[in-house]
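Thanks for coming, everyone. Please have the display open.

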Amino acid sequence: MTVARDERPDETEQAAEAEPASSAAASPSAASSSSAAAAAAAADARAARPRRDAVARAAVDVKDRFSSRGHAMARYVAQRVVLKPTIWSITSVTVIDRDRLKGVEGGFIVVANHSSHLDAPLILGALPRRLARYLATGAAADYFFDVPWRRKLTELFFNAFPVQRGSSTATPAGTPGSPTPQAPGAVAAAAAAAAAHPSTGATAIPSAARRKAAAKVAARRRAGQPTVSARSLLERGYPVLVFPEGTRSKDGTVASFKPGAAALAAACDVPIIPLALIGAHIAHPRGSSWPRPGRLPVGVAFGDPMRPEPGETPLDFSARLRAEILRLKDANTARILGPEHPSEGARP
């Protein structure tokens with residue numbers, strides 16, 4: 001077990017593919033036959049290429065803020081120069097076993113327990129920079145994308161994409177039972193949400209900004225352009241953050257997981273990174289507008305990347321993910337919070 005605090009520089013790796021060359025025959029008829037056979041073989045090879053090749057092509061073809069290097073640099077300033085130093089200065093953060101992520105690249109899903117508005121900032125700050133650079137977070141369209149300034153801040157700090165709470169659009173396309181992605185958890189945005197809508201944080205009446213956003217989505221669909229969802233981002237090779245409990249815990253216990261993240265991993269053939277957030281609900285409880293004073297201890301404990309086993313259902317894989325996060329919490333709670341807190345518990 002190791003404790004990691006320093007960020008490593010970005011690492012960019014590119015893989016080159018080589019196709020076998022076909023030798024020409026001496027006679028014209030043999031050359032023609034050989035050329036046709038080679039073309040058929042090449043077509044079969046292209047059809048049999050794994051999903052990751054299609055993902056790589058899509059990631060190059062689609063140009064938007066999720067693939068933009070300029071936006072990634074702006075997020076670097078927002079996340080690493082502003083957000084992380086702020087959170088790390090008002091809490092005492094310990095990151096455990098980050099070296100387990102050395103082999104992770106491309107699209108993946110980050111899955112964690114959820115109990116505080118500190119959760120997303122802690123995850124973004126604890127991940128290696130090369131993995132956090134393009135990490136996207138689903139945020140409630142009826143609040144975080146309802147007002148232009150709030151939408152821009154949410155996109156800047158969390159690379160957020162809108163989801164409709166309580167509707168079919170909250171479920172990634174083609175993935176039944178997916179969890180509604182949670183609000184990204186900015187401390188300042190949480191304070192504004194609590195002040196404006198203390199019970200739900202949602203806006204009851206659609207605004208002009210929300211109608212305009214819906215019109216943009218409809219226009220993209222009519223033009224045959226891809227719309228943004230957790231699944232579409234994963235298929236393009238970009239990672240996403242999901243809280244499978246579907247809402248924040250009030251006391252730090254871990255509720256049952258919805259199977260959407262597990263189903264996404266199977267459908268998109270990507271790994272899931274399980275991690276346990278420890279002490280966040282104590283440092284910044286649900287309902288509070290700012291973390292408690294005194295730099296209370298919080299921890300982020302990473303597990304090994306996980307994939308569904310052959311024949312494993314999304315429900316079974318989701319239960320296995322929850323069990324691993326509970327194990328990480330139990331193994332590290334005393335280390336983070338002290339011996340008086342041996343375990344934070346779990347809901348049956």
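Glu 235 and Arg 231 sit 4 residues apart in helix 9, residues 230-235, so about one helical turn separates them. This is a predicted model, by the way. The two form a salt bridge, with their closest N and O atoms 3.0 Å apart. Side chains of opposite charge can pair when their charged atoms come close. Arg 231 is buried, at 18%.

Now helix 12. Here Glu 324 and Arg 327 are 3 residues apart, again about one turn. Their salt bridge has its closest N and O atoms 2.9 Å apart. Glu 324 is buried at 16%, while Arg 327 is partly exposed at 40%.

Next, a pair that spans more sequence. Arg 307 forms a salt bridge with Asp 269, closest N and O atoms 3.0 Å apart. Arg 307 lies in the loop between strand 7 and helix 12, and Asp 269 in the loop between helix 10 and strand 6, so the pair ties together parts 38 residues apart in sequence.

How many salt bridges are there in the whole structure? A search finds 9.

Last stop, helix 3. It has 22 residues and reaches 30 Å from first C-alpha to last, close to the expected 32 Å. Where does helix 3 bend? At Leu 83, by about 35 degrees, and Pro 85 follows within four residues. At the N-terminal end, Ser 68 caps helix 3: a side-chain oxygen lies 3.2 Å from the backbone nitrogen of Gly 70.

Technical notes: Residues are numbered from 1 along each chain as its sequence is written. This is a predicted model: local features need pLDDT of at least 70, side-chain atom pairs count only at pLDDT 80 or more; totals for chains, interfaces and linings use all residues. Side-chain values use heavy atoms; hydrogens and water are left out. Helices (H or I, at least four residues) and strands (E, at least two) are DSSP runs, numbered from the N terminus. The expected span of a helix is 1.5 Å times one less than its number of residues. The bend at a residue is the angle between axes fitted to the seven residues ending there and the seven starting there. A polar contact is a pair of N or O atoms within 3.5 Å; within protein, one must be able to donate a hydrogen and the other to accept it, and residues adjacent in sequence count only if both atoms are side-chain atoms. A salt bridge is a side-chain nitrogen of Lys or Arg within 4 Å of a carboxyl oxygen of Asp or Glu. Buried means under 20% relative accessible area, exposed over 50%, partly exposed in between (1.4 Å probe, protein chains only).
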